[in-house]
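Q: I have a model open and want to learn to read it feature by feature. Can you walk me through it?

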Amino acid sequence: MTKTDDAKIHPAKGEDFTCVTFYPDLSKFKMEKLDKDIIDLFTRRAYDIVASARGVKVILNGVRLPVSFVLTVYYLLSVIDLYST
């Protein structure tokens, strides 16, 4: 993780927003793809942002997450329920 490429910054077109995309170096971690636990962690963090940051649109895998604290809690409880069984 000591070698990095320069950030690619493109001029804004249209709405004012920030898009973050990353490509993990899977070979460094001896992985061929991201496992379910990592995907679940990233998904949970996206829901955490929606629940805690007012006025922020979060799009995960092309789907805008609903801005609702209650829906976020339901999502998190369903994930906890999956892991407890």
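Q: What should I know about the model before I start?

A: This is a predicted model, where local features need pLDDT of at least 70, side-chain atom pairs count only at pLDDT 80 or more, and totals for chains, interfaces and linings use all residues. Residues are numbered from 1 along each chain as its sequence is written, and side-chain values use heavy atoms, with hydrogens and water left out.

Q: How many helices and strands are in the protein?

A: Helices (H or I, at least four residues) and strands (E, at least two) are DSSP runs, numbered from the N terminus. Here there are 2 helices and 2 strands. Along the sequence the pattern reads α-β-β-α.

Q: How do I read burial, and what share of the residues counts as buried?

A: Buried means under 20% relative accessible area, exposed over 50%, and partly exposed in between (1.4 Å probe, protein chains only). Of the 85 residues, 14% count as buried. The protein exposes about 8100 Å², and carbon and sulfur atoms supply 59% of that area. Accessible areas come from the Shrake-Rupley method with a 1.4 Å probe; for residues, only the protein chains shown count as cover.

Q: How many salt bridges does a search of the whole structure find?

A: Side chains of opposite charge can pair when their charged atoms come close. A salt bridge is a side-chain nitrogen of Lys or Arg within 4 Å of a carboxyl oxygen of Asp or Glu. The search finds 2. One joins Asp-40 and Lys-36 at 2.8 Å, N to O. Both residues lie in helix 1 (residues 36–52), 4 residues apart, about one turn of the helix. The other joins Asp-48 and Arg-45 at 2.7 Å, N to O. These two are 3 residues apart in helix 1, so about one helical turn separates them.

Q: Is Asp-40 buried or exposed?

A: Asp-40 counts as buried because its relative accessibility is 18%.

Q: Which residues make up the largest nonpolar core?

A: In soluble globular proteins, nonpolar side chains tend to be buried together. A nonpolar core is a set of buried Ala, Val, Leu, Ile, Met, Phe, Trp, Tyr and Cys residues joined through side-chain atoms within 4.5 Å. The largest one has 7 residues: Ala-46, Tyr-47, Val-50, Val-58, Leu-65, Tyr-75 and Leu-76. Helix 1 gives the most, with 3 residues.

Q: What does Val-58 touch?

A: Contact means heavy atoms within 4.5 Å. Not counting residues up to four places away in sequence, Val-58 touches Ala-46, Ile-49, Val-50, Val-63, Arg-64 and Leu-65.

Q: Where is Thr-43, and what does its side chain reach?

A: Thr-43 sits in helix 1. It counts as buried because its relative accessibility is 13%. Its side chain reaches the backbone oxygen of Ile-39 at 2.8 Å. Leaving aside neighbours within four places in sequence, Thr-43 contacts Leu-60 and Tyr-75.

Q: Which residues make the nonpolar surface patch?

A: Patches are made of residues with over 30% relative accessible area and no salt bridge; like charges are joined within 9 Å, nonpolar side chains (Val, Leu, Ile, Met, Phe, Trp, Tyr) within 5 Å. Phe-22, Ile-39, Leu-41 and Phe-42 make a nonpolar patch of about 340 Å². Phe-22 lies in the segment before helix 1. At 47% relative accessibility, Phe-22 counts as partly exposed.

How values were computed. A polar contact is a pair of N or O atoms within 3.5 Å; within protein, one must be able to donate a hydrogen and the other to accept it, and residues adjacent in sequence count only if both atoms are side-chain atoms.
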